[in-house]
Amino acid sequence: MLRTVPHFDRIGEENAFAVLARATALAAGGMDVINLGIGQPDFRTPDHIVEAAIKALRDGHHGYTPATGLIACREAVARRTLTMTGMEVSPETIMIMPGGKPTMYAAIVMFGEPGAEILYPDPGFPIYRSMIEFTGAKPVPVPVREENGFAFSAEETLALINENTRLLIINSPANPTGGVTPKAEIDKLVKGLEAWPDVAILSDEIYDAMTYDGETHTSLLAYPEIRDRLVVLNGWSKTWAMTGWRMGWSIWPNSGKGAGLYDKVRKLAVNCWSCVNAPSQFAGIAAIDGPQDDVDRMMAAFDRRRKLVVERMNAIEGVSCTTPKGAFYAFPNIGATGWQARKLATSLLDETGVATIGGPDFGILGEGFIRLSYANSEENIERAIERIGGFLAG
Ligand code: PLP
C-alpha cells in the first residue's frame, strides 16, 4: 500500500452523505424511502438564478475569473452584508468560494497545527472536527445544550480558552440542532474575548437568513472590536437552494492584526481551485440582487414543516422535541426510548425506510438525539413520523 502522510488518516466524514447513499440504494431496490437525512433544501433553485447562469455562458463568460471572485459578485455580497447586518464590508475582504466548506478548510488549516487548540460546537457540523484533526491541532468541543434551546453559552466557551487556543468556531443558526444563539450571549462572548486578543474566530453564518418566530440572527460582523480577527463563512447553498452549484463566500480580516489573511486565502485559492466557475458567479449575483419571493415561499414552507415536526415528534412516547429557531433541522431527544441514537437511525432506515442521522454523528454530546432535516414535503414528513412512532411503539 502506498504510504500517505499521517494526517490523511485523520480525515473524518459527513455521515449524511453515507446515509444518502444507503437511502438511494434502498430506494433503487424498491423500498419506499423518505429522506429526512440530508441537509439540502428540496426546492429548485429559482428560475431567474438559473437563467442568469445560462445567459452568462451564452455571453461567453466561460473563462477564469479573479481568484477572489468577480468584483461584481463581491460587490453583491457586500450589498447583501450591509442589508443583513448593517455593516459595511469592503469587496477587498470578500472571497467567492466553491461552497461553504472551503472557507472552513481555509480558516482551520491557517490556524491548526500540533500544539494548537481549536474550539468547535458539539453537537455541530462534523467537518469542523474532521478538519481540526487533519491539521494535528487539538479539537476542543464546546457543549451545545438542549436546556439552553441549543444556543451556545458564552461562559462555557470562554472557560475553555487557554493560551494554546488559536481559533474559536461558532455556528448560529446551527446545524444539527436548529439552535439560534441570542444577541445577549454573543455580546457576552465578544466581551470575554477581549481577554484573548490572539484567538481568531470563525463564525459560520450559512443559515443567517433562516430563522423563525421573529428570532433574529446576530452576525459577528456587528462587533467592530473583533473585526480584525474574524472570518465569516456564508454562501448560497441553503438560502437560495443552490447546494450543487458550489457557491459560497467568506469575509476576511484585511487590516490590523488580521492584515495578510485575505492574501493568504487568495493564494490558497490560486493553488487549489483558481476561481469559482464563472457562470455560477453570475447566478450568485442574480440570487442576491433579484426578487426574493421564492426564498420567502421556501421559508414559509420550512416554517410549516418545522411546526409539524415538533408537534408530531412530541406526540411520540419517549421523544421530546425542542422547537428549532433556525435552519431546517429538528434535533429530538430520543433518550427516554431506550435506543442508542445511531442504532435507532440505522434501524429506522432499514426497517421503515425513513432516513435520519444519529446525533453522535455530530459529536459525542449528540448521543440521545437524532437529526431530522425537514427538507421534505409535509405529506412525507407526516408519513415518516407516523412510521417512526409505529416503530418505537414496537
Ligand atoms: N456550514 C454548516 C453549518 C452546514 O450545515 C453546511 C452544510 O450542510 C455547510 C457549512 C457547508 O455548506 P456547503 O454545502 O455550501 O459547502
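The model is predicted: local features need pLDDT of at least 70, side-chain atom pairs count only at pLDDT 80 or more, and totals for chains, interfaces and linings use all residues. Residues are numbered from 1 along each chain as its sequence is written, and side-chain values use heavy atoms, with hydrogens and water left out.

**Exercise 1. A helix and its cover**

Task: Compare the span of helix H10 with the expected value, and identify elements that cover its buried residues.

Solution. Step 1: Helices (H or I, at least four residues) and strands (E, at least two) are DSSP runs, numbered from the N terminus. Step 2: Helix H10 comprises residues 293-314, which is 22 residues. The expected span is 1.5 Å times one less than the number of residues. From first C-alpha to last, H10 reaches 32 Å, close to the 32 Å expected. Step 3: Buried means under 20% relative accessible area, exposed over 50%, and partly exposed in between (1.4 Å probe, protein chains only). Among the buried residues of H10 are Val-295, Met-298, Phe-302, Asp-303, Arg-306 and Met-313. Step 4: The cover of these buried residues includes strand E9 (329-330), strand E12 (370-373) and helix H12 (378-392).

**Exercise 2. Salt bridges within helices**

Task: Determine where Arg-129 and Glu-133 lie, and then examine the pair Asp-294 and Arg-297.

Solution. Step 1: Side chains of opposite charge can pair when their charged atoms come close. A salt bridge is a side-chain nitrogen of Lys or Arg within 4 Å of a carboxyl oxygen of Asp or Glu, and the structure holds 25 of them. Step 2: Arg-129 and Glu-133 form one, with their closest N and O atoms 3.0 Å apart. Both residues belong to helix H5 (residues 126-135), where they are four residues apart, about one turn of the helix. Arg-129 is partly exposed at 35% relative accessible area, and Glu-133 is partly exposed at 25%. Step 3: Asp-294 and Arg-297 meet in a salt bridge of 2.8 Å, N to O. This pair lies in H10, three residues apart, about one turn of the helix. Asp-294 is partly exposed at 32%, whereas Arg-297 is exposed at 51%. Step 4: Salt bridges with shared partners also join Asp-213, Asp-303, Arg-306 and Lys-307 into one network.

**Exercise 3. A buried charge**

Task: Find the nearest side chain of opposite charge to Glu-205, and name the side chain that makes a polar contact with Glu-205.

Solution. Step 1: Glu-205 is located in the loop between strand E6 (200-204) and strand E7 (230-235). Step 2: Lys and Arg count as positive and Asp and Glu as negative, while His and the chain ends are not counted. Step 3: The side chain of Glu-205 has a polar contact of 3.2 Å with that of His-217. A polar contact is a pair of N or O atoms within 3.5 Å; within protein, one must be able to donate a hydrogen and the other to accept it, and residues adjacent in sequence count only if both atoms are side-chain atoms.

**Exercise 4. Backbone features**

Task: Locate the cis peptide bond at Pro-123 and describe the phi angle of Ala-241.

Solution. Step 1: The cis peptide bond joins Asp-122 and Pro-123, with omega about 0°. Pro-123 lies in the loop between strand E3 (117-122) and H5. Step 2: Ala-241 is not a glycine, yet its phi is positive, about 55°. Ala-241 is found in the loop between E7 and strand E8 (248-251), and counts as buried at 9% relative accessibility.

How values were computed. Contact means heavy atoms within 4.5 Å.
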